[in-house]
Amino acid sequence: MNADLNNKGVILIVDDNPTNLEMLFDFLANAGFTVLVAEDGESAIARAEYAPPHLILLDILMPGMDGFETCCHLKANPLTQDIPIIFMTALAETVDKVKGLSLGAVDYVTKPLQHEEVLARIELHLQLRNLTKTLKAQNQRLEREISERQQAEQKIHQQAALLDIATDAIIVQNWDNQISFWNQGAENLYGWSATEVIGKNINQLIYQAQILPQLENIRESLAEGGCWYGELQQITKQKHTIIVASRWTLMRDRDGQPQSILTVNTDITEKKQLESQFLRAQRLESLGTLAGGIAHDLNNILTPILSAAQLLQLKRSPSEEWSQQMYRTIESNCKRGAALVKQVLHFARGVEGKRSIVVINHLFLEIEQIINSTFPKSIEFYSDINPNLWAVIGDATHLHQVLMNLTVNARDAMPNGGSLTISAKNFLVDEQYARMNLEANIGPYIVITVADTGIGMSPEILDRIFEPFFTTKEVGKGTGLGLSTVRGIIKSHGGFINVHSEIGQGTEFKLFLPAVETMATSLAENIEMPDGNRELILVVDDEDEILETTKISLETYNYRVLTASNGIEAIALYARYQDNISLVLVDMMMPLMDGETTIRTLQKMNSQVKIVAVSGLVGGNKITKDGTVNKFISKPYNTQELLQTLHEVLYQGLYYADAPTIPNFGF
């Protein structure tokens, strides 16, 4: 990302001395430069990567990472390696100056700084930088022109050398199809010698009658474009059928009239046969993989059938109700198995499953019954299903398959036991949420959450879990098709998936499915959106769109808002309006100063500050458990989640009616 530029350029000053920073900042700003500052090497590197300046003034003596090490990092990064660096030093030793220049710096200035000297050196090196960039651009343009000319010359040489290629058949025929040239490659390919074919009609020699209409089309294309390339079927002297890659070039006389055709034919018969065999082997491999995937899902379905059947046999005096329940389990899963096989047949024939209104609560009852009957007792199962859950339009068998895949994966992730939680709720995606998630559309959804406390996944594995055939399970225990199928089914229903996982902490899948809007509208209107009481909220986020939508949402519901695009701005605003700010909403992932550092700094300024942390990458468990913040919201969030969270934090332990009236301070 490039920084905003003015006419003179952008200067980054790196110095741990605030006085030096302030002095240089004022001087360079007055000289017409845009000035950025950093107080240590790490911040300088982050700032330069995020918004590369035109030149860097870098102090050598700094705590932690000194100027020399900072320079090494900057010169090793392709994003920042071309930025001119001028060292600032109070040292006069030649050794240090030579060391700085050897690391890639372009100059140095000695403290105490002489402003005119600093300005002269900056302007000189900016001019040199601009000249260097101009020269590089000109060199690149010249290199492209030379390369294009060389390619053109090479093409001419290649066309001129075609006649010397012995492995290809090179033939010249006049516009009446009579052969005038027949090289050794043609003799080897077709079996006729040159003396046998010169003067004969090539169409009658190497083509069958059914190919002649195709040749007429080729001649028409050749007359218009001058060349043609494609595959042709031909015959040899021994009447063997061959396939060639044929290249035709039209040669014209001085008047521009078609004179002859140069043809270069390459035998690809064996290649086409190998391709056919490869495609056949690939299809067989795909079928085998598909069969493995089917077996995986069928095993999931047949396991409760077998367990239920065994329970029925072992139960000597079953009550009628218990027996009926087991029989219903057997019947339901047998139907599921048959439907799954039918689904595979439909897939092979290109037929989509039937869509209808699906009441998800019914699917949860079936899944819960299977989990309670077949999963190890070391796994505790919890469910939290909204009884007024909206319906969706979809395929019940496919959605059942999704839930089974996720719950079985959760079981496998907890070999030593743990807890499995399935929940479902209604969720309205508003404009704010849609801006944070490109896959979401504004409207009603249901959110299904499947969470376990298993082994979790690393970020590297998490990035690949939806790839077809990717699996971390042992050979024979997983095909890598389960989660790929889950994602495909959810996307085919117009939904999307969010996943969060941490090593040793477990995994959480959130499935978003569009709800039937006619059923959702009346209920959506009754969702409580708690208003504010003119409290002043400081919102800190480096994304401008999120700042804008969050500010609009909060102001719509009777809050006042201050916004900061980074931690440094947030601290400055809080220092100024500390007595008026009721709560700080902080994004955890920001450049320059991250959320954790910002929060620690705010708490040093005011130990009682109320903070809500926000992140789309960092998990909220650790943040809320260690007590550093009052609440945590995961990105993306909608207006309802935001308002309810603020209300809980602001009025925790108080009735809303008892909330004090906040005076208007002009925000």
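## Asp-452 and its surroundings

A polar atom of the Asp-452 side chain lies 2.8 Å from the backbone nitrogen of Gly-454. A polar contact is a pair of N or O atoms within 3.5 Å; within protein, one must be able to donate a hydrogen and the other to accept it, and residues adjacent in sequence count only if both atoms are side-chain atoms. The model is predicted: local features need pLDDT of at least 70, side-chain atom pairs count only at pLDDT 80 or more, and totals for chains, interfaces and linings use all residues. Residues are numbered from 1 along each chain as its sequence is written, and side-chain values use heavy atoms, with hydrogens and water left out.

Asp-452 belongs to strand S15, residues 443–452. Helices (H or I, at least four residues) and strands (E, at least two) are DSSP runs, numbered from the N terminus. With a relative accessible area of 10%, Asp-452 is buried; the word buried means under 20% relative accessible area, exposed means over 50%, and partly exposed is in between (1.4 Å probe, protein chains only). Leaving aside residues up to four places away in sequence, Asp-452 touches Ala-410, Ala-413, Met-414, Ser-419, Gln-505, Gly-506 and Thr-507. Contact here means heavy atoms within 4.5 Å.

## The chain as a whole

The chain has 22 helices and 22 strands. Of its 667 residues, 43% count as buried. Among contacts with a separation of 6 or more, 64% come from residues 24 or more positions apart.

Strands of a sheet pair through backbone hydrogen bonds, either parallel or antiparallel. Two strands pair if DSSP finds at least two bridges between them.

Strand S6 (residues 169–174) and strand S10 (residues 258–267) run antiparallel and are joined by six bridges. Ile-171 has Thr-263 in S10 as its bridge partner. S9 and S10 also pair in the antiparallel sense, over nine bridges, and Trp-248 stands opposite Thr-263 in S10. The hairpin of S9 and S10 has five residues between the strands, and in this hairpin Gly-256 takes a positive phi near 85°.

## Aromatic pairs

A pair of aromatic rings is described by the distance of the centres and the angle of the planes. Rings of Phe, Tyr and Trp (its six-membered ring) pair if their centres lie within 6.5 Å; planes under 30 degrees apart count as stacked, over 60 as edge-to-face and the rest as tilted. The count by this rule is eight aromatic pairs. In one of them, the ring centres of Trp-228 and Trp-248 are 6.0 Å apart and the planes are at 80°, so the pair is edge-to-face. Trp-228 lies in strand S8 and Trp-248 in strand S9, so the pair ties together parts that are 20 residues apart in sequence. Both Trp-228 and Trp-248 are buried.

The rings of Tyr-433 and Phe-512 have centres 6.1 Å apart and planes at 40°, so this pair is tilted. Tyr-433 is in helix H14 (residues 431–436) and Phe-512 in strand S17 (residues 506–514), so the pair ties together parts that are 79 residues apart in sequence. Tyr-433 and Phe-512 are buried. Ring pairs link Tyr-433 and Phe-512 into a cluster with Phe-427, Tyr-445 and Phe-496.

## The S16 and S17 hairpin

Strand S16 (residues 496–502) pairs with S17 in the antiparallel sense over seven bridges. Glu-502 stands opposite Gly-506 in S17. Between the strands of this hairpin there are three residues, and Gly-504 takes a positive phi near 80° in the hairpin.

## Cysteines and Thr-601

A disulfide is a covalent bond between the sulfur atoms of two cysteines. The criterion used is a pair of cysteine sulfur atoms within 2.5 Å, and a search of the whole structure finds zero disulfides. For Cys-71, the nearest cysteine sulfur is that of Cys-72, 6.0 Å away. Cys-71 is buried, with a relative accessible area of 0%.

Thr-601 is found in helix H20 (residues 595–605). Its relative accessibility is 24%, so Thr-601 counts as partly exposed. The C-alpha atoms of Thr-601 and Gly-567 are separated by 9.3 Å, and the two residues are 34 residues apart along the chain.
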